[in-house]
Amino acid sequence: MLPSDFSPSIPHKLVVANWKMHGNLARNQVLIKEYLQALNPLAQTKVVVCVPYPYLAQIQILLANTGVAWGAQNLAKFEQGAHTGEVSAEMLKDFGAQYVIIGHSERSTAYCESDENIAEKFMMAKRHGLTPILCVGETLLEREAGVMTRVVGKQLETIIRLFGAGAFAESIVSYEPIWAIGTGLAASAEQAVAMHQFIRDTVAAADSAAASTLKILYGGSVNPQNAVQLLNQKEIDGALVGRCSLDAEQFIKICQAVPENSVI
């Protein structure tokens, strides 16, 4: 069984599966079974599975008492009310969710979410005891222009300005360069490390205690090949995995790329 303590402050590597808009009841059951058969001996790897809303009830049953945690891919910034189609934090908690992805570029771009809107969702998750996985990152044009830290810094500083840097305590940020998501072209280890250090330094400048408990993941075309180099960097606390999380063999190989000495 995997470790049951998923606190972001514990220095294990964390691998998050983001199924995006994929799955059905039969396929989900097979995939989770394949996950669990191989994940049980991986004590150095903490695993979270984030699924579409309709499958939260199924995933709660399949993952109960396994040591693998689960979560959702979005939530509303509202507590409740006349917000047709939205799903609240309390609804997620009804299904045992512990984590929720916030601000993924596939959503923020398609639905024109502002940094302020994403910040409000981040805090809604925190208020209800959910661990937010905040996605930040730059486009290819922004990287080529050399303004990537300015872009990511603005995303972080919106939360700091509205709610204080303490909001990042026991939270997760996932650096996902938009130009890498779904393209097969991941950031190099050097690029990822530099941005991860920038993210931690930005939070630390406002609240060093919060920064010390913050986990920073890398996401964006993570695969078994590049995971070996990425997950062996001390600045990279884990990975947010999209496409490869839908293939149990590939996902397990990514989890196996975590160095054994990452356990306390």
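Leaving aside neighbours within four places in sequence, which residues is Glu-138 in contact with? In this predicted model, the contacts of Glu-138 are Arg-143, Met-148, Val-151, Val-152, Tyr-175, Glu-176, Pro-177, Ile-178, Trp-179 and Met-195. Glu-138 sits in the loop between β5 (131-136) and α6 (140-144). The relative accessible area of Glu-138 is 0%. Buried means under 20%, so Glu-138 is buried. One contact partner also forms a polar contact: the side chains of Glu-138 and Trp-179 meet at 2.9 Å.

The chain as a whole comes next. The protein chain holds eleven helices and eight strands. It has 264 residues, and a compact globule of that length would have a radius of gyration near 18 Å. The protein chain has 17 Å, which agrees. The C-alpha trace spans about 45 × 45 × 35 Å along its principal axes. Of the 264 residues, 56% are buried. Among contacts with a separation of 6 or more, 74% are between residues 24 or more positions apart.

Surface and charge were also computed. The accessible surface of the protein chain is about 11,400 Å². Carbon and sulfur atoms account for 54% of that surface. The protein chain carries 20 positive and 25 negative side chains. The centres of these two sets lie 1 Å apart.

The side chain of Glu-235 makes a polar contact of 3.2 Å with the side chain of Lys-234. Beyond neighbours within four places in sequence, Glu-235 touches Val-193, His-196, Gln-197 and Ile-216. Ile-236 is placed in the loop between α10 and β8 as well. Ile-236 has 0% relative accessibility and therefore counts as buried. With neighbours within four places again set aside, Ile-236 is in contact with Lys-13, Ala-192, Val-193, His-196, Ile-216, Tyr-218, Leu-230 and Leu-231. Tyr-175 is itself one of the contacts of Glu-138.

Met-91 belongs to a helix, α3 (residues 89-94). Its relative accessibility is 43%, so Met-91 counts as partly exposed. Met-91 and Leu-75 are 16 residues apart along the chain, and their C-alpha atoms are separated by 9.2 Å.

Backbone angles single out two further residues. Most residues other than glycine have a negative phi. Asn-65 has a positive phi, near 65°. Asn-65 lies in the loop between α2 (56-63) and β3 (69-72). With a relative accessible area of 71%, Asn-65 is exposed. Glu-170 also has a positive phi, near 55°. The place of Glu-170 is the loop between α7 (148-163) and β6 (172-175). At 31% relative accessibility, Glu-170 is partly exposed.

Key: Residues numbered from 1 in each chain as written. Predicted model: local features only at pLDDT ≥ 70, side-chain atom pairs only at ≥ 80, totals over all residues. Heavy atoms only, no water. Helix = DSSP H or I, 4+ residues; strand = E, 2+ residues; numbered from the N terminus. Rg over C-alpha atoms; globule rule 2.2 N^0.38 Å. Buried < 20%, exposed > 50% of the residue type's maximum accessible area, 1.4 Å probe, protein only. Contact = heavy atoms within 4.5 Å. Areas by Shrake-Rupley, 256 points an atom, 1.4 Å probe, with all protein chains shown as cover. Lys, Arg positive; Asp, Glu negative; His and termini not counted. Charge placed at Lys NZ, Arg CZ, Asp CG, Glu CD. Polar contact = N/O pair within 3.5 Å; in protein donor to acceptor, adjacent residues only side chain to side chain.
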